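Student: I'd like to go through this one and ask where the labels come from. Can we take it term by term?

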Amino acid sequence: MIPKKNNTKDFIKCLPKNIFSGFVVSLIALPLGLGLAMASDAPPIAGIIAAIVGGIVVSILGGSHVTIVGPGNGLVGVLLVAVSSLGLESAYVAIMCSGVLLLLLGFFRMGTLADFFPSSAIQGMLAAIGLIILGKQFHIMLAHKIKRNDTIDYLIEIPYTINDAIHYGNKGLIFAALAGIISLSIMLFYSKIRNKYLQLIPAPMWIVILSIGFSYYFEFGLHEANPIAKEYMISGVPAIQQIIADLSFPSFNGIWSFSFLGSVLALTLISSIETLLSIKAVDKLDPEKRRSNVNRDLKALGLATVGSGLLGGLNVVTVIARSSVNVNNGATNRSSNFFHALFLVIFIVFFSTQLTRIPLPALMAILVYTGYKLASPDIITKMFSIGKEQLFIFFITLLVTLKIGLITGILAGVIATLIIHIIINKSAGLFLRNVLKPNVLMFKEYDDTHTFYVSVKHFCSFLNYFRLKKQLDTVPEDQDVIVDFSLCEFVDDTVMENIHNYQELFAKRGGHFDVIGLDKLDTASEHPFALRRILTVPKIIKKNLTRRQTSMEVLAEDYNLTYNSKKDKAPSFLNNFLFFNTKKINHIYNELSHKNSDISLFDIEFSEGEFIAKEVIRTTMLHIDLKQSIPEFTLDREGFLEKVYAFAGFKDIPIENHSDFSNRFYLLGENETGIAKFFNDDITRFFESNPYYHVESNGNALLIFGRERLASVKEIKALFDFGKRLNEVIKTSL
């Protein structure tokens, strides 16, 4: 009997790790919270309030395990617009309303919201957010405050700001710009210093420590005033007594305007997407391989956002960077999120007055670095490697977001993606006919493997990926799953990326996640995330291989086999098998064979029936050339249908002294005497002690296969091993 896990004991045992991790994360959250709030034109303390309220509420009520919450990078642009157009008090109301909507999303189980947006459009939106952050804060980092109409104008002004900084004559501005440049250098190069003691204090906190130390050095060491211009020092961080005294309810007067509703929707959209993407990413990092309850997390985040807005704080979202640091420092449960909030309270209670010693350019350097990471040129390279069409979607989303707004930008990305999909497939009907149809069928194959088999048909894109995800999320990650796209005409990059994530997740947690059926779909890129579509005119030479085909190539090398992915439309060696008497063979492909050609394994496409009754079937088979004569027979697992065959006159041939074999297997053939002689003790025991396969003899060769579908790589290995051992048993026993 497995002993019951003592959760309380484990919690107490892991408490020191989570306290330490919470402390390290708080060192990042403090400067980042201040910077994000100021970048949003909110009081600096607003970012800290969001982190504290979020950390306490989500650690108690949330559904994730090692995530950290607080103010998010992606919300800076929306909050900036909300504060400037609505005013600060009304912006807090918008934040509270967005929290209510997040709460409703959780209650209505809308945790799949992020799956309805194409990957390239999301990347474009995040890059636009990065440029919004970078564009405005870069000038403040170099002590050059300017006011422009939109982000593109801010970006165009960057060379002029650099030029002005080089020619500053004011000492205060020079020191302010130097603080920004040095801080940015710390952010860029600190991670390259691989010292375990230095790494305990993250780069943003070093910026805070050095900034405060610099201020004290001038005050007590040189007995001079801080040389940095006063207008570039943090202000508006009151003592804790003043913070408590200033707490008040936001004003609800005159808020129900179009701009207010737009801000609420934008805050909700970005909060939910940033949260869901972050949770998905952090789940991959969880050392205990747990899966978060995203709907429960949305409820907790919604409640925390309402509380944060009520107390004068920003939106609360799940954040990837701080969560990654949390995991890397040994966090095991949500208590680290609570302790990160607790340490922030301690910092504010005892050190809030010290925060005014931090130069504004130093904090803006942290945000400039964050913006650059979101809009890194590497993202453009990645988009191009996936496919040129993805780059187009990326830039459409990015530019519309910058010029108009986030909601319009993401909608433009969705529409652009759909139009491109229609153009690539040269068919709007494919999507219009099938978008509302259920396209996913999953069932469990109750045999020796208990494999979950998932068949996807028509098309699979961001429009209907949620149906596939819903099925896959019900499968434990330590099980075997086969996803079959052989009935699909189109699979987009969003699905390919998510499938890749599932493969990594199942591999990490001891399961197997195999994808089959992509071989007939073509892609213009070698990237594993590239979209795939069926070809109306097959290519003579296929440019690239699917992941399954690549695995078969590796398998060929490991087993000293020959691999050939090309189609053979005239496999004459299959003509004499009874199985193909009423079926038309179209071609075989993906062939694995021994150099002496005794054993070959291949995928095959054949059809049965004609006209409206015609069915095309793809499966994986094994052929053994025995190089000797044996009786013709077929061997199957005995089931209900085989018992019905007995009434129709198809007699099961019994094997003497092997009643177990006769009860479990259905053996047919005309030469009963020869067949009974062939199935001697060794051969019969081999079949009794191995998995079931359909085995057929044409007199000098064997044809072996499992189910009438393509086999996963794991099943290919098992089938090949079965055939190799059967061949040896036959050769030694006859």
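Tutor: What follows is a talk about labels and the cut-offs behind them.

Tutor: This is a predicted model, where local features need pLDDT of at least 70, side-chain atom pairs count only at pLDDT 80 or more, and totals for chains, interfaces and linings use all residues. Residues are numbered from 1 along each chain as its sequence is written, and side-chain values use heavy atoms, with hydrogens and water left out.

Student: How many helices and strands does the protein have, and what makes a run count as one?

Tutor: There are 27 helices and 16 strands. Both are DSSP runs numbered from the N terminus: helices are H or I with at least four residues, strands are E with at least two. The C-alpha atoms fill a box of roughly 110 × 60 × 50 Å along the principal axes.

Student: Why is Gln 137 called buried?

Tutor: Its relative accessibility is 2%, so it counts as buried; the cut-offs are under 20% relative accessible area for buried, over 50% for exposed, and partly exposed in between, with a 1.4 Å probe and protein chains only. Gln 137 sits in helix H5 (residues 119-141). Leaving out residues up to four places away in sequence, Gln 137 touches Ala 39, Met 364, Leu 367 and Val 368, where contact means heavy atoms within 4.5 Å. Across the protein, buried residues make up 54% of the 734 residues.

Student: And what makes Trp 256 exposed?

Tutor: Trp 256 has a relative accessible area of 61%, and that is why it goes down as exposed. You'll find Trp 256 in the loop between helix H10 (240-246) and helix H11 (258-285). Setting aside neighbours within four places in sequence, Trp 256 is in contact with Cys 97 and Leu 261.

Student: Which residues make the contact of H8 and H9, and what are their classes?

Tutor: H8 brings Phe 175, Ser 183, Ile 186 and Met 187, while H9 brings Ala 203, Pro 204, Ile 207, Leu 210 and Phe 214. They divide into eight nonpolar, one polar and no charged. Ala, Val, Leu, Ile, Met, Phe, Trp, Tyr, Cys and Pro count as nonpolar, Asp, Glu, Lys and Arg as charged, and the others, Gly among them, as polar.

Student: What about H26 and H27: why are they called roughly antiparallel?

Tutor: Helix H26 (residues 681-688) and H27 pack at about 165°, axes 9 Å apart, and H26 and H27 are therefore roughly antiparallel to each other. Asp 682, Ile 683, Phe 686 and Phe 687 in H26 meet Phe 722, Arg 725, Leu 726, Val 729, Ile 730 and Ser 733 in H27. By class that contact has seven nonpolar, one polar and two charged residues.

Student: How do you know that the length of H27 is close to what's expected?

Tutor: Helix H27 (residues 713-733) has 21 residues and reaches 30 Å from its first C-alpha to its last, close to the expected 30 Å. The expected span is 1.5 Å times one less than the number of residues. The buried residues of H27 include Val 713, Ile 716, Leu 719 and Phe 720.

Student: What makes the phi of Ala 143 worth a remark?

Tutor: Most residues other than glycine have a negative phi. Ala 143 has a positive phi of about 55° although it is not a glycine. Ala 143 lies in the loop between H5 and helix H6 (151-156), and its 2% relative accessibility means that it counts as buried. His 458 also has a positive phi, near 70°, and His 458 is placed in strand S4 (residues 451-460).

How values were computed
Axes are lines fitted to C-alpha atoms, for helices over the stretch in contact, and angles run from 0 to 180 degrees between N-to-C directions. Angles under 35 degrees count as roughly parallel, over 145 as roughly antiparallel, 65 to 115 as roughly perpendicular and the rest as oblique.
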